[in-house]
Amino acid sequence: MDDFSVLLQGFAVSPPFDQDSPGDCYFESTDGTRFKVLRHILVNSSPYFEKLLSDLSTSSSPELPTLKIDEDARVLHALLIVLYPVHTTDFLDAPLLLELADRQEKYLIPETAMLLAVSKVLGFSARSGDASKHPMELYAAAWRFGFSKETQYFSRYIHPMDLMDEKVVETLVRSSGRFKAYIALVELRQQRELALDDIIEAMEPRKHICSSHLGSDQMFFVVVSMIKTAARNALQAPFPVCEEAISFLGLQGPSEERAVTWCSSCYKGVDRARLTTQLQKAIKKYPQMTSTSRDTALMEEPLKQAASHAVSPPFDDASPGDCYLRSTDGTRFKVLRHVLVDASPYFADLLKEMPSSAELPTFKIDEDARTLHAILAFLYPVHVPDLLEAPVFLKLVELEEKYGIPEANFYLPLTTVVWGHHLRRTSAVEGAIDLFALTWRFGGRKACQFISRHTHSVDLNDKNVVEKLTRSSRSIEPYMALMDLRRQRELALDDIIQALEPKTHLCPSHSSTDQTFFAFISIMKMAARNALLPAFPECRDAFSFLGLQGSDETRTVTWCSYCYAGADRARLTKQLQEAILRYPQVISM
């Protein structure tokens, strides 16, 4: 049904809407195609058409009345099929289905009718093997209408798509109606990347790669990187089939996208049947579908508020003023009306009429003392550094439109906040993800990059974090930038592990088999992830940094006394420090 993906001249109208079908009026599309319809069916199917056709007079004219509908023939045909009591959806494809979904509210299409049409399209696409034509649209439609099993099924077909492509992301979010549909795919990508080690382990590279390709840790990790790239390509298929391990991963395969360059000694005399069985088992465990939906709590940084807020000049009782603003918790701020009237349309309207009284009038403001103090500091020609914290900034951004705070007022204070954190570069940034959102919107390239260092520990798979980030920054681009940084960091972990030369320094009992060796590599990677979470990780000693002999439970790796016995700690520390300097820490701009 690809012909329906574009508008065609001379649209072929089939029963029950053609000239020979029963009907008492015509609908005409924007391209002039006419559909013969029965009023009583549409009146009972949709309140929109009930209202549209209620004023249609019954005429004695031999010609049936014609109503123009503001849709092309393809969409109008689909709309009528969904509303009519017919069961043919052969012409429907996923993109057209989503167009109908966008018009559901306009034409008041009953939910049951839409669900039936969606069910048929999803079922037909799955049974016919047609999912590869419109994988993103099928996934989005399944997510939008709550078909959880179908959502998981069609997520198998998304693997080749670039989830860092802004157009792909915008289309997916718009079509599915949910950020979470995108987040689920990103989370699947992360799971697949982590599980690649199991695929490599099944191929036993340490056992079967020749000595010239396995002579040093550097060469070994180069080879592992090549196999991983081949595996990513081989596993993009929705249902990857491995008939023979060597050719599947391109060890001796003809496919250029999988081919890995080996010499004749690599994998010489290997038991191919055994390797194939191991690889098939690893592929069965490899993540292929999104997990079921989950709700996570909103990660918010609550505003710090003292029991009694201290009002400082120029808003205290000793400061000049002609009225008071009182917060919800009773704190009063003395203000000059003419300053606020000129600074904010909200206060210009609130303070336009001042009651005559011996005492200064008081106006109640529906904000707590800390937020009201921050609003006044932004509107007054003053600078109050102690108010400049990320949570307060985020609150003010949400109130920007309500109180008419000029956008320009955010630039200088935000620069002050970022600069303050820069001076205290090794200290943690409270509310880092909120501050990152604001620097993206109001700051600049250097500010965004600096604050991105402090977001490594934020759970970017939490849909509430994503929604808050995109809402505060007014763009999905900062989320994509952070996800791209996470991807770069994960790929660069091999460089960190390579610097410690595990192949050279692990004892035989901990490296005798590929399974044992890769198990310890996995443990080292987990330790490295935790060690590299700080914005400015410092490595004074390689062993303690990655937990080889560390006391931090998040880093500790269990070793025996023979592992790394006699290793040159100074040399390994220098190599690790150099690898950390290369390790991605800030977003690309």
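1. Let's begin with one pairing. In strand 6, Thr 362 is the bridge partner of Tyr 324. Strand 4 (residues 323-326) and strand 6 run in the parallel sense and pair over three bridges; two strands pair if DSSP finds at least two bridges between them. The strand and helix numbers count from the N terminus, and they refer to DSSP runs: H or I of at least four residues for helices, E of at least two for strands.

2. A word on what you are looking at. This is a predicted model, in which local features need pLDDT of at least 70 and side-chain atom pairs count only at pLDDT 80 or more, while totals for chains, interfaces and linings use all residues. Residues are numbered from 1 along each chain as its sequence is written, and side-chain values use heavy atoms, with hydrogens and water left out.

3. Three strands make an open sheet with mixed pairing, in the order 5-4-6. Strand 5 (332-335) and strand 6 (362-364) are at the edges with a single partner strand each, so one side of each has no neighbour in the sheet. From one strand to the next, the twist averages 30°. Helix 17 (residues 369-379) lies across strand 4 and strand 5, at about 15° to strand 5. Such angles run from 0 to 180 degrees between N-to-C directions, using axes that are lines fitted to C-alpha atoms, for helices over the stretch in contact.

4. Strand 1 (residues 25-28) and strand 2 (residues 34-37) pair in the antiparallel sense over four bridges, and Tyr 26 has Lys 36 in strand 2 as its bridge partner. Five residues sit between the two strands of this hairpin, and Gly 32 in the turn has a positive phi of about 90°.

5. Next, a helix pair. How do helix 10 and helix 14 cross? The axes of helix 10 (residues 179-202) and helix 14 (residues 272-285) come within 8 Å and cross at roughly 170°. From helix 10, Asp 198, Ile 199 and Ala 202 meet Leu 275, Gln 278, Leu 279, Ala 282 and Ile 283 of helix 14. By class, this contact of helix 10 with helix 14 has six nonpolar, one polar and one charged residues. Contact here means heavy atoms within 4.5 Å. As for the classes, Ala, Val, Leu, Ile, Met, Phe, Trp, Tyr, Cys and Pro count as nonpolar, Asp, Glu, Lys and Arg as charged, and the others, Gly among them, as polar.

6. Is helix 3 enclosed or open to the outside? Eleven of the eleven residues of helix 3 (residues 73-83) are buried, so helix 3 is largely enclosed by the rest of the structure. Buried means under 20% relative accessible area, exposed over 50%, and partly exposed in between (1.4 Å probe, protein chains only). Among the buried residues of helix 3 are Arg 74 and His 77. At the N-terminal end, Asp 72 caps helix 3, with a side-chain oxygen 3.0 Å from the backbone nitrogen of Arg 74.

7. Two single residues are worth a look. Thr 151, in helix 8 (residues 148-155), is buried, with a relative accessible area of 5%. Leaving aside neighbours within four places in sequence, Thr 151 is in contact with Tyr 139, Ala 142, Trp 143 and Thr 290. Pro 534, in the loop between helix 27 (514-531) and helix 28 (542-545), is partly exposed at 36%. The C-alpha atoms of Pro 534 and Arg 453 are 7.7 Å apart, though 81 residues separate them along the chain.

8. Finally, check the backbone. Most residues other than glycine have a negative phi, and most peptide bonds are trans. Glu 204 has a positive phi near 50° and counts as buried at 8% relative accessibility. Glu 501 also has a positive phi, near 50°, and counts as buried at 13%. A cis peptide bond joins Pro 15 and Pro 16, with omega about 10°. The bond from Pro 313 to Pro 314 is cis too, with omega near 5°.

Technical notes:
Polar contact = N/O pair within 3.5 Å; in protein donor to acceptor, adjacent residues only side chain to side chain.
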